[in-house]
Amino acid sequence: MAVLTEEQTMLRDMARDWASNESPVTAWRKIRDANTATGYDPAAYATMAEMGWTGVIIPEAHGGSDFGWLSLGLVIEELGKTMAASPIAASAVAASAILLGGNDAQKDAYLPRIASGELVATLAVDEGPRHDPSVITAKVEDGKLSGTKAFVAEGDSAGLFVVAATDGLYLVAAGEGVSVDRRHLVDFRSHAQMTFDGAPADKLASGGADLLEAVLDRAAVLAAAEMLGMAGQAFDTTLAYLKQRVQFGQVLATFQALQHRMANLFSDIELMRSAVEAGLSAIDRGGDTRQAASLAKAKANEVGHLMSRELIQLHGGIGMTDEYDAGFYLKRMRVLEQLWGNTAFHRERFARLSGF
Amino acid sequence: MATLAEPETGADSLEAFRAEVREWLAANFPASLKGKDNSMSAVEGPTQEAPEQAAWRKAMGEKGWGVPTWPAEYGGGGLSRAQAKVLQEEMARAGAWNPIGGMGVMMFGPTLLEYGNEAQKREHIPAIAKGEVRWCQGYSEPNAGSDLANLQTFAEDKGDHYLVNGQKTWTSGGQWAHKCFAIVRTDKTQKQGGITFLLIDMDSPGVEVKPIQMISGMSPFCETFFTNVKVPKENRVGEEGQGWTIGKRLLQHERTNLSGGGSAFRVSGPSLADIAKKYVGADDQGRVADPDLRARIAKFEMDWRAFLLTAMRVQAESKAVGGVSEVSSILKTVGTKLGQERAELMIEIQGLQGLGWEGEGFTPQEIQGVRAWLFGKATTIYGGSTEIQNNVIAKRILGMLDHQ
Ligand SMILES: Cc1cc2nc3c(=O)[nH]c(=O)nc-3n(C[C@H](O)[C@H](O)[C@H](O)COP(=O)(O)OP(=O)(O)OC[C@H]3O[C@@H](n4cnc5c(N)ncnc54)[C@H](O)[C@@H]3O)c2cc1C
């Protein structure tokens, strides 16, 4: 665990308490069963906003607390542990695009509303089912944006879209020229196919060509933070189960084959944690975040993938039942693994950035 | 129905047999069913059978070719292995598939043929061969999973019948099954020696099934409760207390079927590489565009080929020594692992398109792929989990000792 400031420790503990007391996995199960397109409980999101979590990376001048990305990562991790669904990550990433690339008018118009939780914002980049920011065809002509974006996270509830077009990032408000089609994935969260047809678009003019990459790094690292929470929880749950389940007259935890499996997973998750925290800290430091972000996401993908499989396997038959929570973690983990770059994507990027 | 004469395996007669099969398939396999085999049907349960599907099942059932190597006197095909292979080849050529399967075919039938008495064989085998009766497996209990011999469901001797009380769990297809082959306790003083193998009618009074939903969204397995269920003594297979031996033999059949010879690992349709080219694209030389993915597909295909070669070697060795090859014990662990790797690769190839649950924007194949990916996580758990198989390999084959 990174060395935390007092403020960060308080924030993390608050998130932990809230998630375990007010938003345990049973709360997610209710949302899952309700099967709504938006995939979260608006009342819970309002509470998160009241606690200030929607403004963690937003400067005080715009209504946030300016606690930074490591702090936000701690909150996202805690929420990931109990599958507490919300558009916090998507909104924060969209806000970061405005912070890095917006002018004062744009910042004034949107950041306070995002910070207060009143407005859900999200990033719309990929046009196919695999993350590939090199293929963008959405176009802006005369201030009107046209194009299609696939699987936009929180697209079903967002009021503001940060859209990647051929010549930069644009702000598009929900409404005129914007249509939303739900895509129902295994994780039961919001993923929408967005069609923009002459939608009024307002360009984020600063930041230049690197703006999109900087924003995507933030998206990747936050996804990794959620995966860290989920993997950690999957590990803890498995460990507790092995210590309690009896077969052959012994608790499973006494079997050396399982002890070593768990010891390896423990090591893996520690590496994952270091990589994720380093990614978050790199963003807080500013400057080049690319390598740290790719490391965080690749490691999170690998370890999250393995841990979610071991979660099921080591529980045996009960892990296969919907009544048990393990499946939620497996399903969400695969979606996060695909979002903002799978392992191959980030390995390739890491190699390129490292000059080999 | 003409029963086949003593199976002949000479090359000439095999070719004659091939011609016979070809002709019969042409006459009996409805062309509209070509390639329509649903590998998930065993999991999803009986669906509304289209008339041509029912006709196909009936034709195969009467011919005995759904269970080609079972004795003809009990309704099997009576074919030699070589003939069965010809039948399989010709079916594949015609796009035909075997409509008769399930636990009765895979595990119970072969076990009953070995351990059942004449009356039991006459009663049960033909119905399985015709695909008319569905069986479920009453083995696991809440506290008897990997440690199966710890089962507590008790059968009390009441003279001409047993009175069965207890609970089974993860009973696949319990809600659709007509009958259950179960292992139950008849003696509380010994562990394995106190187990007896019983055949239980699922519509007997006192049998209650509660379907359990799985992570794949399907509910193919159940909790099964027995409350004062009367089971006639003639439904006991083997002697009282012999159930563990019989039950274990059945598990051998289960493992063999789950490990490559069986349909669980039949991979049909386009290759992973072709699918990848479709979803990820190809470079100007026609290769999968993503080199990392391409390397991993190559690794999978090589592993898969090595696995199939091993399965073939096991078969050849077993035939040569007239017993089971030691190597067969790795087939289930390796085969199931590879099956899962393939499903994971499929998901990755398709990106988020490969994670659809339902609704607009996904093809039926994509959705089915997702369900199969999730269901496939069970293959390393049931039929002897990978960990338990590895324990067996370490102790029985490698001679490694128990932790003291
Ligand atoms: C889809 C599905 C269908 C099934 N269908 C049927 C059915 O039709 N009929 C039926 O009777 N049963 C069925 N089963 C049950 C299945 O056989 C059991 O799930 C299996 O035996 C494992 O038992 P368990 O679930 O109690 O896990 P546990 O025995 O509790 O095992 C939990 C974990 O610990 C590991 N483990 C256990 N003991 C050891 C050890 N000594 N050393 C190392 N690792 C160990 C296991 O491998 C597993 O990973 C089904 C299961 C599934 C998932």
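**Ground rules**

I count residues from 1 along each chain as its sequence is written, with chains lettered from A and ligands numbered from 1 in the order in which they are written. The model is predicted, so local features need pLDDT of at least 70, side-chain atom pairs count only at pLDDT 80 or more, and totals for chains, interfaces and linings use all residues, while side-chain values use heavy atoms, with hydrogens and water left out.

**Entry 1: the ligand**

I began by asking where the ligand lies, and I found it between chains A and B. I then listed the residues near the ligand (a heavy atom within 4 Å of it). There are 30 of them, and the closest include Ser146(B), Trp170(B) and Glu387(B). By type, the shell has 15 nonpolar residues, 13 polar and two charged. My sorting takes Ala, Val, Leu, Ile, Met, Phe, Trp, Tyr, Cys and Pro as nonpolar, Asp, Glu, Lys and Arg as charged, and the others, Gly among them, as polar.

Next I looked up helices (DSSP runs of H or I, at least four residues) and strands (E, at least two), numbered from the N terminus. α9 (290–315) of chain A, and β3 (161–172) and α12 (386–397) of chain B, each give the shell at least two residues.

Which atoms sit by the ligand's oxygen and nitrogen atoms? On chain B, a polar side-chain atom of Ser385(B) is 2.5 Å from a ligand oxygen, and a polar backbone atom of Gln137(B) is 2.9 Å from a ligand nitrogen. On chain A, an N or O atom in the side chain of Arg245(A) is 2.7 Å from a ligand oxygen. Alone, the ligand exposes 960 Å², and the protein buries 95% of that; the areas come from the Shrake-Rupley method with a 1.4 Å probe.

**Entry 2: where the chains touch**

How many residues does each chain bring to the contact (heavy atoms within 4.5 Å)? I noted 39 from chain A and 47 from chain B. The buried area, meaning the accessible area (1.4 Å probe) that two parts lose on being put together, summed over both, is about 3,600 Å², with 60% given by carbon and sulfur atoms. Arg130(A), Arg309(A) and Met320(A) supply 19% of what chain A buries against chain B, more than any other three residues.

**Entry 3: salt bridges**

A salt bridge here is a side-chain nitrogen of Lys or Arg within 4 Å of a carboxyl oxygen of Asp or Glu. The interface of chains A and B has six. In one of them, Arg309(A) pairs with Glu344(B), their closest N and O atoms being 4.0 Å apart.

Arg16(A) and Glu78(A) form one at 3.1 Å between the closest N and O atoms. This pair links distant parts of the chain, from helix α1 (residues 6–22) to helix α4 (residues 69–81), 62 residues apart.

Note on methods
Polar contact = N/O pair within 3.5 Å; in protein donor to acceptor, adjacent residues only side chain to side chain. Contact = heavy atoms within 4.5 Å.
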